[in-house]
Amino acid sequence: MQTPALDNISISSLRNFIVIADLGNITSASEELFITQPTLSRQIAALEDQLGVQLFKRVKSGVELTEAGRKFYGHAQTLIQAFDDFISQAYYFRSVISGTLKMAHQKSGQELVIAMNRQFLSTYPNVTIRNMEQSGINLLEELRAGTFHVVFIYGHEKGAAYKDLESLPLGNMYNMLLVARDNPLSKRESVSLEELREQQFIVPSRFISPYRNREILESCRSAGYSPNVVSNADSLLEIISDVVRYSGVSILPYIHNVEGGGQVRYVKLTDYKAQYPIIMVWRPDEDNPVLNTYVDFVKARVGDQTDTFLYTPEEQRILL
């Protein structure tokens, strides 16, 4: 019999196993952990494969531990406690790290960046973070130039031209159509690309978001028409203003506070790729110890949850 591969069992999978065992229901556990149910089920199946035993059996109310699962439950708790004790000591020694980290983000990643930085600074109080929201600049070019140490952008923006930069997937946004409230489409629950044929489009400029600009134009052409672009905007604020000004439309990831002013509304797009990745990017040759610590910190927080939405129209939450 082949020996199970036990050397790469993750702490996050052990934590999630314990939550499922405590709640006795994978659906309830997924809500508690902010992880989609399929992702959680795959994670537990992988853990069972690694251990070579079945940990849960299905019952009417959900799941319950097998005999092997009950034995493993105690060991998992011991391992997690030992790991947490180790981390607390490691953080104590690492918290002496000091310095400045310069970063920038696109508007859609604002809440993620704030949440991440809040946790980082509570662990490393001697670090100073200078954070800037994008405003009409190409963040990857500024990163190369040394203006920033790390930037948060849409994943598709980092193409072959930026293969010299390192990146880490963080999660996904949710693509939707932004419509002016006085546009008849704002009363719809969903819209197809074909139905946008006569609409006035506001798109991000090629300078700040070349991939996004090209993606929108090519998607419309695939639907059988060239979009009527009335504005190439250099910021989210400009996109929103021009959507209102022209009673037009724009395609962009869902950001839950955009609708707050009451002048625009998000509508679902039925034939446009829903998930839109957010990534963290940095220069591998950057000689900044704070950056290395920050990257390691983010990697530990994100773990294996990168296939889950950061925000959805139904639930605004951040997976941290």
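Are phenylalanine 120 and tyrosine 294 buried or exposed? Both residues are buried, where buried means under 20% relative accessible area, exposed over 50% and partly exposed in between, computed with a 1.4 Å probe on protein chains only. The model examined here is predicted, so to speak of a local feature a pLDDT of at least 70 is needed, side-chain atom pairs count only at pLDDT 80 or more, and totals for chains, interfaces and linings use all residues. Residues are numbered from 1 along each chain as its sequence is written, and side-chain values use heavy atoms, with hydrogens and water left out.

The overall picture comes first. The protein has nine helices and 12 strands; these elements are DSSP runs numbered from the N terminus, with helices (H or I) of at least four residues and strands (E) of at least two. Of its 320 residues, 48% count as buried. Among the contacts with a separation of 6 or more, 75% come from residues 24 or more positions apart, contact meaning heavy atoms within 4.5 Å.

We can now turn to the interior. A nonpolar core is taken as a set of buried Ala, Val, Leu, Ile, Met, Phe, Trp, Tyr and Cys residues joined through side-chain atoms within 4.5 Å. The largest such core holds 26 residues, and those touching the most other members are Leu101, Met103, Phe120, Leu170, Met280, Tyr294 and Val298. At least two residues of this core come from each of strand E3 (99-105), helix H5 (110-123), strand E4 (127-133), strand E5 (150-154), strand E6 (166-180), strand E12 (275-282) and helix H9 (289-302). Helix H9 gives the most, with seven residues. A second, separate core is made of 21 residues, including Ile20, Ile26, Val63 and Ala76.

A pair of aromatic rings is described by the distance of the centres and the angle of the planes. Rings of Phe, Tyr and Trp (its six-membered ring) pair if their centres lie within 6.5 Å, and planes under 30 degrees apart count as stacked, over 60 as edge-to-face and the rest as tilted. Searching the whole structure gives eight aromatic pairs. In one of them, the ring centres of phenylalanine 120 and tyrosine 294 lie 4.9 Å apart with planes at 70 degrees, so the pair is edge-to-face. Phenylalanine 120 belongs to helix H5 and tyrosine 294 to helix H9, so that the pair links parts of the chain 174 residues apart.

Phenylalanine 120 also forms an edge-to-face pair with phenylalanine 297, at 5.3 Å centre to centre and 85 degrees between the planes. Because phenylalanine 120 lies in helix H5 and phenylalanine 297 in helix H9, this pair ties together parts that are 177 residues apart in sequence. Phenylalanine 120 counts as buried at 1% relative accessibility, and phenylalanine 297 does so at 2%. The charged end of arginine 301 sits over the ring of phenylalanine 297, 4.3 Å from its centre; for this, NZ of Lys or CZ of Arg must be within 6 Å of the ring centre and within 35 degrees of the ring normal. Helix H2 (residues 26-33) packs against helix H3 (residues 37-51) at an angle of about 105 degrees, with their axes 9 Å apart; axes are lines fitted to C-alpha atoms, for helices over the stretch in contact, and angles run from 0 to 180 degrees between N-to-C directions. That makes H2 roughly perpendicular to H3, a label given to angles of 65 to 115 degrees, while those under 35 count as roughly parallel, over 145 as roughly antiparallel and the rest as oblique. Ile26, Thr27, Ala29, Ser30 and Leu33 in H2 meet Gln37, Leu40 and Ser41 in H3.

Valine 63 lies in strand E2 (residues 62-65) and is buried, with a relative accessible area of 8%. Beyond four places in sequence, the contacts of valine 63 include Ile20, Ile26 and Phe56. Serine 247, in the loop between helix H8 (236-245) and strand E10 (249-253), has a positive phi near 50 degrees.
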